[in-house]
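Me: Hi! I'd like to go through this structure with you, bit by bit. Shall we start with the terms and then move to the residues?

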Amino acid sequence: MAVAAESTVVSRMSAPPSFDVTDFPVPHGREEEWRFTPLERLRGLHDGTAVPNGDGLKVDVRAPEGVTVETVGRDDARIGRAGTPVDRIAAQAYSAFEKASVVTVPKDTVLTEPIRIAVHGRGGTAFAHQVIELGAFAEAVVVIDHTGDAVLAANVDYVLGDGAKLTVVSVQDWDDKAVHVAQHNTLIGRDASYKSVVLTFGGDVVRLHPRVAYAGPGGEAELFGLYFTDAGQHQEHRLLVTHNAPHCKSNVVYKGALQGENAHAVWIGDVLIEASAEGTDTYEMNRNLVLTDGARVDSVPNLEIETGEIIGAGHASATGRFDDEQLFYLMARGIPEHEARRLVVRGFFAELIQQIGVPDIEERLLARIEDELEASVA
């Protein structure tokens, strides 16, 4: 593998990271980070014409005993610690939100029940900021569930103290007309472990930008994603894992299925190993299953290495239709083609469903997959 003299991961952005929206030019679709995104369907989030209106969002946080839930102002020192906006919409969201929600799990606290954050759109345009912080050696599972109809731009910060363990399950189950653009910033402390499971089904346009960096050596990150893209939907997941500390690990696995005319899925997987990140072990993979004609996938893995002292680094991407051999095998054993196709799709997603670890979310996801399959293979 070639060693990069400088980070072209950074150079692919049209402007340096900033909290100030005026530091970013209005995108026109020719920029590398916007070339796959249908700007005309973002309802003004990208050019400053979107303003908060309507009832906005209803956010309900249910947390076990011992967890602190606060609503704070823009001047709270915890806001923005995990990362800086890297595009105009993220900066717009940061500049426009009025109050942020901060959820804190104290050090040494091990939760046995998930923290549940329900975000329900009421038909308006909203800008939001969420902070989830774990103290040293704390352990928690957080479920963030997006439903309803909204035009939402948001930043979400995850801050893990040394030795902490955080699992986040983010569900995008919006109504058909919703637009959701968000940057997720994660800062992983020394010897801490972070697992993200992103589940995307609903919405007209969903564009998520998870970003991970390390605050010390020994950190681990697992990023899993599952998306099912229907006719006319645009679902875009753009990931960046920056290995900026030694002896850290990352593993990225995203899988998607697509069906229907103009269904469009985009997956961009960037991994940067900086010169200081000796002993890094990283891998990223994207797999897509196209169920019908008319669907389109853009999958771009990128790996950049600035040091030769690593344990391992790799990436893979593949897009295809049903495996005819699998179908033949099942049908040869008396399984009708209709059911055989369903089994292939469920098997395709099985390893990711097992990563969720929240039974009611797993059941709901399986039901959604069944609903989607009724339309695609019936």
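Reply: Happy to. Buried means under 20% relative accessible area, exposed means over 50%, and partly exposed is in between, using a 1.4 Å probe and protein chains only. The model is a predicted one, so local features need pLDDT of at least 70 and side-chain atom pairs count only at pLDDT 80 or more, while totals for chains, interfaces and linings use all residues. Residues are numbered from 1 along each chain as its sequence is written, and side-chain values use heavy atoms, with hydrogens and water left out.

Me: Good. Is R190 buried, exposed or partly exposed?

Reply: R190 counts as partly exposed because its relative accessibility is 44%. Its side chain meets that of D191 in a salt bridge, at 3.9 Å from N to O. A salt bridge here is a side-chain nitrogen of Lys or Arg within 4 Å of a carboxyl oxygen of Asp or Glu.

Me: And where does D191 sit?

Reply: D191 lies in the loop between β7 (179–188) and β8. Strands are DSSP runs of E with at least two residues, helices are runs of H or I with at least four, and both are numbered from the N terminus. D191 also has a positive phi of about 60°, although it is not a glycine.

Me: Why point that out?

Reply: Because most residues other than glycine have a negative phi. D108 is another non-glycine residue with a positive phi, of about 65°. It is found in the loop between β3 (100–105) and β4 (115–134), and D108 is exposed, with a relative accessible area of 52%.

Me: Back to salt bridges. How many are there by this rule?

Reply: The count comes to 19 salt bridges. One of them joins the side chains of R207 and E236, at 3.5 Å from N to O. R207 lies in strand β9 (residues 205–214) and E236 in strand β11 (residues 234–243), so this pair ties together parts that are 29 residues apart in sequence. R207 and E236 are both buried.

Me: Which residues are linked in a network of salt bridges?

Reply: D145, D173, R364, R368 and E372 are linked in that way. Within it, R368 forms a salt bridge with D173, with the closest N and O atoms 2.1 Å apart.

Me: Changing topic: what are the domains of the protein chain?

Reply: The assignment gives domain 1 (9–321) and domain 2 (325–377); these bounds come from an automatic or database domain assignment. The C-alpha centres of domain 1 and domain 2 lie 26 Å apart. The contact takes 28 residues from domain 1 and 19 residues from domain 2, where contact means heavy atoms within 4.5 Å.

Me: How much area do domain 1 and domain 2 bury between them?

Reply: They bury about 2100 Å², with 67% of it on carbon and sulfur atoms. That is the accessible area (1.4 Å probe) that two parts lose on being put together, summed over both. On the domain 1 side, F201, L226 and K255 lose the most area to domain 2, together 26% of what that side buries.

Me: And the polar side of things?

Reply: Between domain 1 and domain 2 there are five salt bridges and eight residue pairs in polar contact, both residues at pLDDT 80 or more. A polar contact is a pair of N or O atoms within 3.5 Å; within protein, one must be able to donate a hydrogen and the other to accept it, and residues adjacent in sequence count only if both atoms are side-chain atoms.

Me: Which strand gives the most to the side of domain 1 that touches domain 2?

Reply: β10, with five residues.

Me: Last one: what about D270?

Reply: D270 is found in strand β13 (residues 264–273) and is buried, with a relative accessible area of 11%. Its side chain makes a polar contact with the side chain of N302, at 2.6 Å.
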